[in-house]
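Please look over the sequence and the 3D structure below.

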Amino acid sequence: MMDVIHAADLLRLFGAWRTVFVQQREFLIALDGKVGDSDLGITMSKSFAAAYDAVSGEEEGATIAKLMRTAGVTMAKTAPSTMGTLTATGFIRGSKALENVSALGTKEVAAFWRAFCDGVAERGKTKIGDKTVLDVLDPIARSLEDATASGDVLGDALSIATGVAAEALESTKSMVAQHGKAAAFQEKTVGLQDAGATVGFLMVQAMRDFVSGQTSAA
């Protein structure tokens, strides 16, 4: 298990994210197709593949903040759909929280997820309870902030946050969609887990698996 994530580890982390969204591509397409336009799986797989390539192309010695920002900017150009834009914004905002950071422990990862969450909320003009990715991102950030206060090591903190995210994702089934094409279906969205929130869950789960050594990324 990793105690911290260094800049040199980030390419493998993005490789883990890339792999997850390739594996989950068809699932996300089907999930999004129930009340959306079926492009989420395509958007996420393209976004993380491009981000991986961009991060791998950065010069040796690039900082964590620089690599995260590169990923976000690349995603914005690659997949300018709603979720692509929100994810890109999250990484760009997250990178700003990591300026002058040389390694990611629990405190730094909590700061990243909080900034990611706030960036998505502001860009998407969403609030908790609207049945969006925010309904998973905020619980992730709060869980990691609690773990920081408790002095939890990174692996334990991410394990707890992933469990919290799973519960939060399940809770989206009882919500009524308020944004995007899903909003047109209103009550018909009750009983369905939110597709965007699923992306948030998959991201933190992949980060947990990466830190715990449960994944073999590129």
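## Terms and model

Ala, Val, Leu, Ile, Met, Phe, Trp, Tyr, Cys and Pro count as nonpolar, Asp, Glu, Lys and Arg as charged, and the others, Gly among them, as polar.

The model is predicted: local features need pLDDT of at least 70, side-chain atom pairs count only at pLDDT 80 or more, and totals for chains, interfaces and linings use all residues. Residues are numbered from 1 along each chain as its sequence is written, and side-chain values use heavy atoms, with hydrogens and water left out.

## The cavity

On a 1 Å grid over the protein atoms alone, a cavity is a set of points where a 1.4 Å probe fits but cannot get out. A pocket is an open set with protein on both sides within 12 Å along at least five of seven lines. Lining residues have an atom within 4 Å of a point. Points are joined across faces, edges and corners, and a volume is the space filled by probe spheres set on them.

The whole structure holds 1 cavity of 30 Å³ or more. The largest cavity has about 50 Å³ of space. Its lining has 8 nonpolar residues, 2 polar and no charged. Among them are Met83, Phe116, Val199 and Gly200. Helix H5 (82-96), helix H6 (106-124) and helix H9 (195-212) each give two or more residues to this lining. Helices (H or I, at least four residues) are DSSP runs, numbered from the N terminus.

## H3 against H9

Helix H3 covers residues 40-56, and its axis comes within 11 Å of the axis of H9. The two cross at roughly 35 degrees. Axes are lines fitted to C-alpha atoms over the stretch in contact, and angles run from 0 to 180 degrees between N-to-C directions.

Contact means heavy atoms within 4.5 Å. Leu40, Met44 and Phe48 in H3 meet Ala195, Gly196, Val199 and Met203 in H9. This contact has 6 nonpolar residues, 1 polar and no charged.

## The second largest pocket

This pocket has a volume of about 190 Å³. Its lining includes Ala7, Leu11, Glu58, Glu59 and Glu60. By class, the lining has 6 nonpolar, 2 polar and 3 charged residues.

## Ala157

Ala157 touches Thr106, Leu144, Ala147 and Asp152, leaving aside residues up to four places away in sequence. Asp146 is 11 residues from Ala157 in sequence and 8.7 Å away in space, C-alpha to C-alpha.
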